[in-house]
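Subject: Structure for you to look at

Hello,

Here is the structure I promised to pass on. Please open it and keep it in view while you read my notes.

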Amino acid sequence: KIPRIKAEKKIRKAFTDMEIESIRKFAKDEREKAIIEILLSTGCRVSELVQIKMEDIENDTIVVHGKGKKDRKCYLNAKAIICLHDYMNLRNDTNSYLFPKGVPITEKNRHDLYKSKWWTCKDLVQEGHIDKISIEAIVRRIGARAGITECHPHKFRRTCATSALKR
């Protein structure tokens, strides 16, 4: 029998308070701010975030549909509620998802979609929700603008758990 090789456990780090404030500063529009604040406040996974529907939000709670078809309530802090209201007030489409899917990007509309708040125009919103990869790309772009090298959605989950332990 061969004994198992024990790999050293790597301690995963959460965002510092300075990094969180920097990320907040470099989120450029209401949608990005809402994504950041919901991730920080609820600690939900990206797959759970993209599946949130408008009907799942009630006051300061969101019903999140997790792994294994397990639903749970997540609570929003004051910053998340304000950012969420700002974002929702700009939406004028009928898509039931909190973060809707946009029209496909072509070479012709690429520049306009990146520069505009496309999610405020109901002609540019498709049925369905944004995909996980898009949320990850948005978070990484915000992190790059803020000068944070290790910025990804799961780190927000770690940060939420760490701040809950501190409290």
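Below is what I found, from the whole chain down to one residue.

Please remember that this is a predicted model.

First, the overall picture. The protein chain contains 7 helices and 5 strands. Starting at the N terminus, the order is α-α-α-β-β-β-α-β-α-β-α-α. The C-alpha trace spans about 60 × 40 × 35 Å along its principal axes. There are 167 residues, and 38% of them are buried. The accessible surface is about 11100 Å². Carbon and sulfur atoms hold 53% of that surface.

Next, a helix pair. Helix H2 covers residues 30–42, and helix H7 covers residues 153–166. Their axes lie 7 Å apart, at an angle of about 40 degrees. The two helices therefore count as oblique to each other. From H2, the residues Ile36, Leu39, Leu40, Ser41 and Thr42 take part. They meet Pro153, Phe156, Thr159 and Cys160 of H7. Of the residues in this contact, 6 are nonpolar, 3 are polar and none is charged.

Last, Asp93. Where does Asp93 lie? It sits in the loop between helix H4 (78–90) and strand E4 (100–102). Is Asp93 buried or exposed? Its relative accessibility is 17%, so Asp93 counts as buried, the cut-off being under 20%. The side chain of Asp93 makes a polar contact of 2.7 Å with the side chain of Arg91. The Asp93 side chain also reaches the backbone nitrogen of Asn95, at 3.0 Å. Beyond its neighbours within four places in sequence, Asp93 is in contact with Trp119, Lys122 and Val125.

Best wishes

Methods
Residues numbered from 1 in each chain as written. Predicted model: local features only at pLDDT ≥ 70, side-chain atom pairs only at ≥ 80, totals over all residues. Heavy atoms only, no water. Helix = DSSP H or I, 4+ residues; strand = E, 2+ residues; numbered from the N terminus. Buried < 20%, exposed > 50% of the residue type's maximum accessible area, 1.4 Å probe, protein only. Polar contact = N/O pair within 3.5 Å; in protein donor to acceptor, adjacent residues only side chain to side chain. Contact = heavy atoms within 4.5 Å. Axes fitted to C-alpha atoms, helices over the stretch in contact; angles between N-to-C directions. Parallel < 35°, antiparallel > 145°, perpendicular 65-115°, else oblique. Nonpolar A, V, L, I, M, F, W, Y, C, P; charged D, E, K, R; others polar. Areas by Shrake-Rupley, 256 points an atom, 1.4 Å probe, with all protein chains shown as cover.
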